[in-house]
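Here is a brief report on one protein chain.

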Amino acid sequence: MAIVSGFIFGCLTDSMILLYVFDSNPGPMKVSCIIPVCNEADNVAILAREIISVVSGLRVPYEIIFVNDGSRDNTQSQLRALHQKYPTIITIIEFRTNLGKSSAYMSGIALSTGEVVITLDGDGQDDPKEIPALLAAIDAGSDVVVGWKQQRKDSLIKNSTSVVFNTVT
């Protein structure tokens, strides 16, 4: 991998390029928020501001890692603008093609430095206001904490598929 002006470039597979942006290392993190995004240009700035608002109030070191999973819209330029605004908080991983949510999470987790990893969807369905409750459960001794969407905002087809899948598994 080569380091060029704060960027580390490295080709991990034929279809993925790692774009790791981190201009200053503030040290070990308490919290790493991992967010896979694909064609979420309209959502990433809103989501980043919500997370920053919530987690900065907790007064713990944190990072936000966006994994751009092959977006074909303006998502990457929105992420770069966010990084310019919050260079010590926001890290970007960019995939050239869509490799899927699992690959995005794996890459984000591999790059994270937090003691606690929190995953959120890029479409805004996971409410960052729940982060303090998740961290409180960890601080109380839980090894793993799982959030559960009480009211999904998905289509009828996606909800039905999810119900069938969850019933089978």
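## A term first

A crossing of two helices is right-handed if the near helix is turned clockwise from the far one by less than a right angle, and left-handed if it is turned anticlockwise. Two packed helices are described by the angle between their axes and the distance between the axes.

## Model and confidence

The model is predicted. Mean pLDDT for the protein chain is 80. Of its residues, 71% reach 70 or more. Among the elements, H1 has the highest mean pLDDT, at 97. Strand S1 (residues 2-4) has the lowest, at 31.

Residues 1-16 have pLDDT below 50. Beyond near neighbours in sequence, this stretch still has 37 contacts in the model. Residues 20-25 also stay under 50. For them the model has 24 contacts beyond four places in sequence. Where pLDDT is low, the predicted coordinates should not be read in detail.

## Overall fold

The protein chain has five helices and seven strands. Along the sequence, the pattern is β-β-β-β-α-β-α-β-α-β-α-α.

Of the 169 residues, 41% are buried. Take the contacts between residues at least 6 apart in sequence: 71% of these join residues at least 24 apart.

## The H1–H2 pair

How do H1 and H2 pack, and at what angle? Helix H1 spans residues 44-56 and helix H2 spans residues 75-85. The angle is about 30°, and the axes are 9 Å apart. Angles under 35 degrees count as roughly parallel, so H1 is roughly parallel to H2. The crossing of the two helices is right-handed.

Which residues of H1 and H2 meet? H1 brings Val44, Ala45 and Ala48. H2 brings Thr75, Gln78, Leu79 and Leu82. By class, the contact has five nonpolar residues, two polar ones and no charged residues.

## Aspartate 121

Where does aspartate 121 lie? This residue is in the loop between strand S7 (114-119) and helix H4 (131-139).

Is aspartate 121 buried or exposed? Its relative accessible area is 11%. The cut-off for buried is under 20%, so aspartate 121 is buried.

Terms used
Residues numbered from 1 in each chain as written. Predicted model: local features only at pLDDT ≥ 70, side-chain atom pairs only at ≥ 80, totals over all residues. Heavy atoms only, no water. Axes fitted to C-alpha atoms, helices over the stretch in contact; angles between N-to-C directions. Helix = DSSP H or I, 4+ residues; strand = E, 2+ residues; numbered from the N terminus. Parallel < 35°, antiparallel > 145°, perpendicular 65-115°, else oblique. Contact = heavy atoms within 4.5 Å. Nonpolar A, V, L, I, M, F, W, Y, C, P; charged D, E, K, R; others polar. pLDDT = per-residue confidence, 0-100. Buried < 20%, exposed > 50% of the residue type's maximum accessible area, 1.4 Å probe, protein only.
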